[in-house]
Amino acid sequence: MKKLFQGEEIVHGAKILGDMMKKSASTVVLTGAGMDTESNIPDFRGKNGLWRNMNPMLVASIDNFYNNYDEFHDYYTTRIKRLEDVKPHEGHYILADFEKRGIIKSIATQNVSGLHHMAGSNSVYELHGNIKRAVCNSCRREASLDDFLNKQKCQHCGDLLRPAVVLFGEALPRDMWSLAEKDIKNCDLLIVIGTSLEVYPVNQFPRMARGRIALINNEDLSYGREFDIKLIGRAKEVLQELSRNV
Ligand code: OAD
């Protein structure tokens, strides 16, 4: 059976995926930066990705936070400011609607933009944190984002502030990981949207899925475990087509 659909074939592929969703008692969605590019947030490794000219391990790492706070601060300031006028696109709203209608159970996301919440999704596991929140690196108390942007120190312990995101060299938040892992291990269908699946440990999730796995991405991915269906196109357009079929 044909598994990869692109261009005009997306209409047909979306019907098949829509049928899979209708038959699935529990569907989970896993999103990455490609989910947000149509809201004008660049991805990392795509054609115009943020990291085409930058080594993420050096900039967005806990080592850099300690060794070169100014560079760390500049990088995150640029990313935070870029989000100021950003809004969810129709694809985010479609996923929120799927949750309200009981068609999907939850969204596990690598994105730190908060756009799924903004679109009205409630069951969202932010595996890499949220860039619109700031915390103290030492005592972990919440701080205002403005304090971080203005390079203020923690009001409680005086240490440096940072965005509430996972940095290279750090573990993922255990609570979010466990909730996502439980849903994914038990779901009938996992729909992976807009991620290169290059980053550990989230890229292990499709392998853990008990049920079928689907890909919506603008480039084909080769991945250890075969996808049951691949819709190769832009997330917003594919989700629009999918929403006509469920
Ligand atoms: P990547 O930039 O690695 O991958 C994004 C994928 O989405 C690529 O395959 C793009 O081709 C695809 N894509 C881009 N725009 C799309 C669109 N409109 N529709 C469909 N697909 C599209 O981003 P992630 O896999 O999310 O973590 O990256 C994972 C993690 O890498 C990030 O969360 C970040 C980074 O390290 C941390 O900073 C901890």
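Predicted model: local features only at pLDDT ≥ 70, side-chain atom pairs only at ≥ 80, totals over all residues.
View 1. Two strands count as a pair if DSSP finds at least two bridges between them. E5 covers residues 129–136, and six of its eight residues are buried, so the strand is largely enclosed by the rest of the structure. With E7, strand E5 pairs in the antiparallel sense, over five bridges. Look for Ala134, which stands opposite Pro163 in E7. E5 also pairs with strand E6 (residues 142–143), again in the antiparallel sense, this time over two bridges.

**View 2. The seven-stranded open sheet.** Trace the strands across the sheet and you get the order E1-E10-E9-E8-E2-E3-E4, with parallel pairing. What do strands E1 and E4 have at their sides? Strand E1 (4–6) and strand E4 (124–126) stand at the edges with a single partner strand each, so one side of each has no neighbour in the sheet. Going from one strand to the next, the twist averages 15°. Now zoom in on E2 (residues 27–31) and E8 (residues 189–193): these strands run parallel and are joined by five bridges. Leu30 makes a handy landmark, as it stands opposite Val192 in E8.

**View 3. Helix H1 across the sheet.** Helix H1 is made of residues 10–23 and lies across E1, E2, E8, strand E9 (212–217) and strand E10 (229–232). Its direction is about 140° to that of E10. Which of them is exposed, and which partly exposed? Asp19 is partly exposed, because its relative accessible area is 37%, while Lys22 reaches 55% and so counts as exposed.

**View 4. Helix H1 meets helix H10.** To describe two packed helices, you give the angle between their axes and the distance between the axes. For H1 and H10, the angle is about 60° and the axes are 8 Å apart. That makes H1 oblique to H10. The crossing of the two helices is right-handed. Which residues do the meeting? From H1 come Ile10, Val11, Ala14, Leu17, Gly18 and Met21, and from H10 come Val238, Glu241 and Leu242.

**View 5. The buried side of helix H5.** Helix H5 spans residues 90–100, and its buried residues are Gly91, His92, Ile94, Leu95, Ala96, Phe98 and Glu99. What do they pack against? Their neighbours are H1, E2, strand E3 (106–109), helix H6 (115–118), E8 and H10. Follow the chain just past H5 and you come to Gly102, which takes a positive phi of about 75°.

View 6. In one, the side chains of Arg234 and Glu38 meet at 3.6 Å, N to O. Arg234 is in the loop between E10 and helix H10 (235–243), while Glu38 is in the loop between E2 and helix H2 (56–59), so the pair ties together parts 196 residues apart in sequence. Arg234 counts as partly exposed at 45% relative accessibility, whereas Glu38 is buried at 17%, because buried means under 20%.

The side chains of Asp70 and Lys151 form another salt bridge, at 2.7 Å, N to O. Why does this pair tie together parts that are 81 residues apart in sequence? Asp70 lies in helix H4 (residues 69–82) and Lys151 in the loop between helix H7 (145–149) and strand E7 (161–165), so the bridge spans that separation. Asp70 is partly exposed at 46% relative accessibility, and Lys151 is partly exposed too, at 37%. Finally, go back to Glu38 and Arg234: salt bridges with shared partners join them and Glu237 into one network.

Note on methods: Residues numbered from 1 in each chain as written. Heavy atoms only, no water. Helix = DSSP H or I, 4+ residues; strand = E, 2+ residues; numbered from the N terminus. Axes fitted to C-alpha atoms, helices over the stretch in contact; angles between N-to-C directions. Contact = heavy atoms within 4.5 Å. Buried < 20%, exposed > 50% of the residue type's maximum accessible area, 1.4 Å probe, protein only. Salt bridge = Lys/Arg side-chain N within 4 Å of Asp/Glu carboxyl O. Parallel < 35°, antiparallel > 145°, perpendicular 65-115°, else oblique. Left-handed = near helix turned anticlockwise from the far one by under 90°.
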